[in-house]
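Welcome to this tour. Keep your viewer open, and follow along one selection at a time.

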Amino acid sequence: MKTKFAPLMAALTAAALLTTTACGGSDESDSGTTGPVSLTYWSWAPNMDKVVAAWNAKNPDIQVTVNKQDGGDPAVTKLLTAIKAGSGAPDIMQAEYQKIPTLVSADAITDIAGEAGSLKDKFPEGAWNGVTLGSEAVYGVPQDSGPLMFFYRADVFEKNGLQAPKTWDDYAASAEKIHKADPKQYLGTFSATDAGLFAGLAQQAGASWWGVNGESWTVNINDAATQKVASYWGGLVEKGVIDNKPMYTPEWNTALNDGTQVGWVSAVWAPGVLEGSAKDTKGKWKAAPMPQWDAASPATGNWGGSATSVTTQSKHKKQAAQFVAWLNSDPEALKLLATTANVYPAATEATSVLTTPPAFFSDQADFYTIAADAAKATKPFTYGPNVNVAYSAFNDAFGKAAESKKAAAFTSSLVTMQQTTVDDMKNSGFTVAG
């Protein structure tokens, strides 16, 4: 049965445009503009105003003003409120990849395939998929990404005669050996408060939790790939060779700094966290590619990242898309994003401007080479319109599983996540296949 969201499904599968005339955005406004165009840009990235200043200096006819916002859900809520009210939205919006389906379904961001579709080859497939939702439409240009990598205490590995794990079997063996040698040390922790990391791990294994089938959504959280990931981490927790405490707590910070946590499956942005949480261990950490399920076919997932989108209320879609394209693909802009806004640009060319490793890894010259290879190996992953519900279900179900320390509870938690997500989508008016 079709629902009020059927036009969205058609757009995702047939590249039909989501029209913006109701909100005032159109090419007619662009063509009828005389004089300088003023655009507003909502972003939470630090120092974005300094990045934008470089554009403004060279483009007197298209001037952009940055309005600093809170990131994540608050920014989305604020934008959706403005869209519903019919006014008050910016021209341009920084949007997390997992929020793009929600913004598309609310007709809050517009398709700029006609203006920015030619940029596809400038980005890894996984990043580009995040703004297309698997269709021909383009709901933004990738800005930054968070390819998963592995970070470990090189001194601890050397002491135990270990090398960076190439496979997940290697990781499990290393975790067991390190913990046996020193029962206070763990190679990692399973954090039941970080659904984004778990989604990235599932992505690496080949999962894509949402998808589109005709005019319906599909939900595949409880698939074989995700089951494999849940079973693996549940097994390590049950065996006691990794910890089961949340990350980003004072206890976790202390464990990183005092050497009781000696490894971290994280993303390219991890050095900044380690510098703040484990400052006493600088010079002891190394970055490595993610352990693999199949070493012959390297793959990874993402944890974090965002795009830059044009909203449906913008009366200057063409000019806004011009700025968005520059911001995320021009070499000057990429360098400013990396060095001034402290983000890892999603563009493939990012490595050409990232010539110096992060300060915390100053002795590892190949840091960004590893990161670039990880970004290229990121598997496609489609988010759905109710990521917040799925993530909340993860926190609840996996929180209990981690506390129980039973591997079976980890895999059964996926049943709960799947059902909760599907029920919520149906209750919200979406058609869900299967």
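Begin by selecting Phe 190, Phe 198, Trp 209, Trp 210, Phe 381, Tyr 383, Phe 394, Phe 398 and Phe 410: ring pairs join them into a cluster. Rings of Phe, Tyr and Trp (its six-membered ring) count as a pair if their centres lie within 6.5 Å; planes under 30 degrees apart are stacked, over 60 edge-to-face, and the rest tilted.

A word on what you are looking at: this is a predicted model, in which local features need pLDDT of at least 70 and side-chain atom pairs count only at pLDDT 80 or more, while totals for chains, interfaces and linings use all residues. Residues are numbered from 1 along each chain as its sequence is written, and side-chain values use heavy atoms, with hydrogens and water left out.

In total, the structure holds 38 aromatic pairs. For one of them, select Trp 55 and Trp 326, a tilted pair with 5.5 Å from centre to centre and 55 degrees between the planes. Trp 55 sits in helix H3 (residues 48-58) and Trp 326 in helix H14 (residues 317-329), so the pair links distant parts of the chain, 271 residues apart. Helices here are DSSP runs (H or I, at least four residues), strands are E runs of at least two, and both are numbered from the N terminus. Buried means under 20% relative accessible area, exposed means over 50%, and partly exposed is in between (1.4 Å probe, protein chains only).

Next, pick Trp 168 and Trp 293. Their ring centres are 6.0 Å apart and their planes meet at 40 degrees, so this pair is tilted. Trp 168 belongs to helix H9, whereas Trp 293 lies in the loop between S8 and strand S9 (302-310), so the pair ties together parts 125 residues apart in sequence. Trp 168 is buried at 1% relative accessibility, while Trp 293 is partly exposed at 29%.

Ala 175 has 0% relative accessibility and so counts as buried. Which residues does Ala 175 touch, leaving aside its neighbours within four places in sequence? They are Leu 187, Val 241 and Ile 242; contact means heavy atoms within 4.5 Å.

Now move to Tyr 171. Beyond four places in sequence, its contacts include Phe 150, Pro 165, Tyr 232, Trp 233 and Pro 291. Tyr 171 is also among the residues with the most contacts inside the largest nonpolar core, together with Ile 100, Phe 190, Trp 209, Trp 233, Phe 323 and Phe 398. That core has 142 residues, and its largest share, eight residues, comes from helix H18 (residues 387-404). A nonpolar core is a set of buried Ala, Val, Leu, Ile, Met, Phe, Trp, Tyr and Cys residues joined through side-chain atoms within 4.5 Å.

**A covered helix**

Select helix H17 (residues 367-376), where seven of the ten residues are buried. The buried ones are Phe 367, Tyr 368, Ile 370, Ala 371, Ala 372, Ala 374 and Ala 375. To see what covers them, show strand S4 (141-153), helix H13 (270-277), strand S8 (285-288) and helix H16 (350-353), which are among the covering elements.

Most residues other than glycine have a negative phi. Asp 107 is partly exposed at 25% relative accessible area, and so is Lys 405, at 42%.

**Zoom out**

Finally, show the whole protein: 19 helices and nine strands. The C-alpha trace spans about 70 × 50 × 40 Å along its principal axes, and 58% of the 434 residues are buried. Colour by pLDDT, the predictor's confidence in each residue from 0 to 100. The mean is 91, and 92% of residues reach 70 or more, but residues 1-29 stay under 50.
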